[in-house]
Amino acid sequence: MARILIMLVSLLSHSLACSAEPSSFRDTGVVFRMTKPAVLVLNEKTAHIIQTAFQHADYPDIKGEKSMRFLGKIAYGLKNIHIGQLTIENTTVDLKEDDAIDIGIQNVSASFQGTLSYGYVGGWVVKLIHSIDFEIESSIDLQINVKLLMDEGRVIVDTSDCYLTFHKLTLHLQGDKDPGWLKQLFTNFISFTLKLVLKNQVCKEINFISQLLADYVLETSANFLKDADIGIDISVTSSPAIKANYIESHHKGLVVYQNHSGIFHDSAFTPSLLTDSKMVYFWFSDQVLNSLALAAFLDKRLELTLTGEKLKEMFEIEELKTQQEIVQKIFRGASYNVSLAKVWSLDPPQIILQPEGTIVKSSVAVELSVPLQGEGPPSVALYSEKEVTVTIQASYMQKNLYLHLSEAMIEIKKLKRVADIAVNDETLKHILEKIVLAAGIPEVVSRFERGISSLLNSRGLYHFNIIDPEIVTKKGHLILQMDFGFPHHLLVEFLKITL
């Protein structure tokens, strides 16, 4: 009956669980907070989803016997019970501090249709069997107080505190010339039996679908944060914080690479780091980002190869316009199309989060290969190692991530070249610094920008109506905060899976 009602609860709880030390956040790498305005936005869209649930629910047949004065025993059965029409006047949701999520659905007007069979019991045999179509008009209120529990790391959504209040339950019979006596006979005890069946079935189905959806949300979130062999363990680390203005869950945030997870040190998270002015908040420790950088390094993702036009763009930047003769000496007269530049990280980058932005420090190697005397296969002509430090500020607009390079510094640590390049080391260092600062770093930043945007969109982020997103860096952590429009596609996708 309420197959999708509990979806609201699961979207709000987002995989919450409990721990023995509710005040400790030391193992927390990622935090999710949804505030009261977001809860209300979700609630606005639940009515038509609940209608779908009513219409697809399975209602059991009802059978029984009734002893009637002068008539003896009468056997009856209600079969093929299904929803005819359904309207919902109002839905509400409230957060009970340190207790539960309170969901109320008021004035559900539903008509149940089916077939009534009845007959007189004579001995061991039912005689004179008759069938007649029926319709039951009902007006119902539904109240659920949802508890969020944990069992072996899984979220258990307890909806046992579930109540149905019937304001009206009227039986209508069709197809009989004078159904008045029959209606009078069956209305009272069928209505009583039907109330019990509906209550049991509705609450049972809510409990079933709530657990199914909690698992679905957690699995969907884990898949969203996974790319090939790199993922993030979002198992919860502590009990949910259900406050009057928000719900908050705390997650491990351990990066998993090829089924091996990292190690997390004491977290700096405290609830005071987040507010409730936006609908949704995501808090990330810098340890999570550094673990992602390590996984990307181990997976050989921090490598870049340039040739042809892209290599030409690097060496023909405006800053080197007056030094093209020296550039030609470096390439020994070879074409850019037959030359090759490789760039890779020597060590895992170090990520430092500060109010001025995300600071990335990395040891980088650059190897330039050109054909000897301009002919034949390319061979290494130039090799250098350098320390690169960049400060980046990030923003998200029009369904794309933008990385703004605010500061960059390089220090060349090593330089090797073949003897026939007739350029002194100081000149080479000067040219390499210009290339790296003016073209190399912006190219790497641009590739990360496009790659991350593409990855996020491939996970369906473009479905969300994200409003006024902000990416805020503080000392040791990063906060994503935003308002949003209702993610209707998630509910539709879940309906396809469950119905």
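Helices, of at least four residues, and strands, of at least two, are DSSP runs that are numbered from the N terminus. In that numbering Asn107 is found in strand 4, which covers residues 100-122, and the structure described here is a predicted model.

**Confidence of the model**

The chain has a mean pLDDT of 81, and 85% of its residues reach 70 or more. Confidence in the chain is lowest in helix 1 (residues 5-13), where the mean is 38, and highest in strand 15 (residues 350-354), where the mean is 96. Over residues 1-23 the pLDDT is below 50, although this stretch has 103 contacts in the model beyond near neighbours in sequence.

Six strands make up an open sheet, in which the order is 8-9-1-12-20-19 and the pairing is antiparallel. Its edge strands are strand 8 (241-242) and strand 19 (466-474), each of which pairs on one side only.

Helix 2 (residues 36-44) lies across strand 1 (30-35), strand 9 and strand 20 (477-484), and runs at about 65 degrees to strand 1.

**Strands 13 and 14**

Strand 13 (residues 303-306) pairs with strand 14 (residues 340-345) in the antiparallel sense, over four bridges. In a regular strand the side chains alternate between the two faces of the sheet. Strand 13 has a covered face with Leu304 and Leu306, and an uncovered face with Glu303 and Thr305. From the covered face, Leu304 stands opposite Val343 in strand 14.

**The disulfide**

The count of disulfides in the model comes to one. It is formed by Cys162 and Cys203, whose sulfur atoms are 2.1 Å apart, and it links distant parts of the chain, with Cys162 in strand 6 (residues 154-173) and Cys203 in helix 4 (residues 180-224), 41 residues apart. The torsion about the S-S bond of Cys162 and Cys203 is about -80 degrees, and the disulfide is therefore left-handed. Cys162 is buried because its relative accessible area is 1%, and Cys203, at 11%, is buried as well, the cut-off for buried being under 20%.

**Positive phi angles**

Asn107 is not a glycine, and yet its phi is positive, at about 55 degrees. Gln398, also a residue other than glycine, has a positive phi near 50 degrees and lies in the loop between strand 17 (378-397) and strand 18 (400-417). Asn107 counts as partly exposed because its relative accessible area is 26%, whereas Gln398 is exposed, with a relative accessible area of 72%.

| Residue | Relative accessible area | Class |
|---|---|---|
| Cys162 | 1% | buried |
| Cys203 | 11% | buried |
| Asn107 | 26% | partly exposed |
| Gln398 | 72% | exposed |

Technical notes: Residues numbered from 1 in each chain as written. Predicted model: local features only at pLDDT ≥ 70, side-chain atom pairs only at ≥ 80, totals over all residues. Heavy atoms only, no water. Pairing = 2+ DSSP bridges. Contact = heavy atoms within 4.5 Å. Axes fitted to C-alpha atoms, helices over the stretch in contact; angles between N-to-C directions. Buried < 20%, exposed > 50% of the residue type's maximum accessible area, 1.4 Å probe, protein only. pLDDT = per-residue confidence, 0-100. Disulfide = S-S within 2.5 Å.
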